[in-house]
Amino acid sequence: MIELQNVTLTFPDGDSRVTAVDNVTLTAPAGKVTGITGPSGSGKSSILAVASTLIRPDSGSVLLSGPNHATVDAAKLSLEEAAALRRDRIGIVFQQSNLLPSLTAREQLLVMAELGGADRRTRRAHISGRVDELLAAVGLAEHANKRPHQLSGGQRQRVAIARALVQEPDALLVDEPTSALDQERGAEIMQLISDLTHERGTATLLVTHDLVHRGTLDELVTVVDGRIAADSMAGSAAA
Ligand code: ADP
Ligand code: MG
């Protein structure tokens, strides 16, 4: 589960500051896809950046819990500790798949084993043992040896999803995964994220401004001007 409590994030804006996230409290339970929607500039990506520890909030907590780890407040970690937390417990998928152009699909996943950590050998064995299963789970068993330029946009996004899941994260954070895809390919990616979330029990937080995919979300939170909208389901998601 990932839980944001009273999170506020501001950015410098000339002489003053702009409030991107305004006292947001929300819960993304394990095994569910919690959607975040709202207009452009409402703070969706900022919420995800805080949840993923890429940006530290001005105030509030980001509690990450999972079956094999103690609960931590990611908002209180040093930069190094946050990097280790992302490496070990958080999977991130952005709008663009951000794959390394020279690596095959298989190698994009294998490279995740080389990010260091306390016990590199254990991590390497653990990840390399999971790569083929994950490529199969995202429907790319036949494409494991292709490089990004040989894959379609939807296939590249599948590689990014497999890569995000290879270390068995507690949380999967996804920002507008369908924005570069046509509707049919987008629907397939949303269904895949939903299936993998339910199967693997990740706490998935997914930003989308496009409610055509509403049906694949288990929960939905609406953000307006950095705040959870009054009629949204936030807070009731913890069941
Ligand atoms: P969304 O993803 O909903 O479109 P964002 O989280 O990207 O919204 O942006 C929320 C607000 O924060 C906007 O006013 C945006 O201009 C501002 N903002 C986002 N990132 C930065 C940044 N790195 N520096 C300054 N302002 C930012
Ligand atoms: Mg955004």
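Modeller: Before we start, a polar contact here is a pair of N or O atoms within 3.5 Å, and please keep in mind that this is a predicted model.

Biologist: Fine. Which backbone atoms are in polar contact with ligand 1?

Modeller: A polar backbone atom of Ser42 is 3.2 Å from an oxygen atom of ligand 1, and for Gly43 a polar backbone atom is 3.1 Å from an oxygen atom of the ligand.

Biologist: And what does the side chain of Ser46 do?

Modeller: A polar atom of the Ser46 side chain lies 2.6 Å from an oxygen atom of ligand 1. On its own the ligand has 560 Å² of accessible area, of which the protein covers 58%.

Biologist: Which residues make up the shell, and what classes are they?

Modeller: Among the residues around ligand 1 are Phe11, Ala20, Pro39 and Lys44, and by class the shell has six polar, three nonpolar and one charged residues.

Biologist: Which element gives the largest share of that shell?

Modeller: That is helix H1, residues 44-51, which contributes three residues.

Biologist: Changing topic: how do H6 and H7 pack, at what angle and with which handedness?

Modeller: The axes of H6 (residues 153-165) and H7 (residues 183-200) come within 10 Å and cross at roughly 15°. Because angles under 35 degrees count as roughly parallel, H6 is roughly parallel to H7, and the crossing in which H6 passes H7 is right-handed.

Technical notes:
Residues numbered from 1 in each chain as written. Chains lettered and ligands numbered in written order. Predicted model: local features only at pLDDT ≥ 70, side-chain atom pairs only at ≥ 80, totals over all residues. Heavy atoms only, no water. Near = heavy atom within 4 Å. Polar contact = N/O pair within 3.5 Å; in protein donor to acceptor, adjacent residues only side chain to side chain. Areas by Shrake-Rupley, 256 points an atom, 1.4 Å probe, with all protein chains shown as cover. Helix = DSSP H or I, 4+ residues; strand = E, 2+ residues; numbered from the N terminus. Nonpolar A, V, L, I, M, F, W, Y, C, P; charged D, E, K, R; others polar. Axes fitted to C-alpha atoms, helices over the stretch in contact; angles between N-to-C directions. Parallel < 35°, antiparallel > 145°, perpendicular 65-115°, else oblique. Left-handed = near helix turned anticlockwise from the far one by under 90°.
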